[in-house]
Amino acid sequence: MISVKRYKEEHINDTKEELVAERKRLLEYIEEYERRYIFGNEKDNHAYKPSKYAIYKTHHLYLSAICELLFERT
């Protein structure tokens, strides 16, 4: 995983359509994680690095960065 700063830099020149598509991709991952591990019966195996939980948390930060870029374009 990359830092939030680098992630934002990688998307700084994206079009609004690309930003919306990326936001959708992030939300799909977040919703799938919640469905399976928070509200479902599956257990997250924290043996993997980074863990699915760490990725879940980072995707929220990425989502914030994408939303900031979208707000700047509107």
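Reader: Which residues touch the most other members of the largest nonpolar core?

Author: This is a predicted model, in which local features need pLDDT of at least 70, side-chain atom pairs count only at pLDDT 80 or more, and totals for chains, interfaces and linings use all residues. Residues are numbered from 1 along each chain as its sequence is written, and side-chain values use heavy atoms, with hydrogens and water left out. A nonpolar core is a set of buried (under 20% relative accessible area, 1.4 Å probe, protein chains only) Ala, Val, Leu, Ile, Met, Phe, Trp, Tyr and Cys residues joined through side-chain atoms within 4.5 Å. Of the 13 residues in the largest such core, those touching the most other members are Tyr 7, Leu 19, Leu 26 and Ile 66.

Reader: Which helix gives the most to this core?

Author: Helices are DSSP runs (H or I, at least four residues) numbered from the N terminus. At least two residues of the core come from each of H2 (16-38) and H3 (52-73). The helix that gives the most, with 7 residues, is H3.

Reader: Is Ile 30 buried or exposed?

Author: Ile 30 is found in helix H2. Beyond four places in sequence, Ile 30 touches (heavy atoms within 4.5 Å) Tyr 56, His 59, His 60 and Leu 63. With a relative accessible area of 5%, Ile 30 is buried.

Reader: What is the relative accessible area of His 11?

Author: His 11 is found in the loop between helix H1 (4-10) and H2. Leaving aside neighbours within four places in sequence, His 11 is in contact with Leu 19, Glu 22, Ile 66, Leu 69 and Arg 73. His 11 is buried, and its relative accessible area is 13%.

Note on methods:
Buried < 20%, exposed > 50% of the residue type's maximum accessible area, 1.4 Å probe, protein only.
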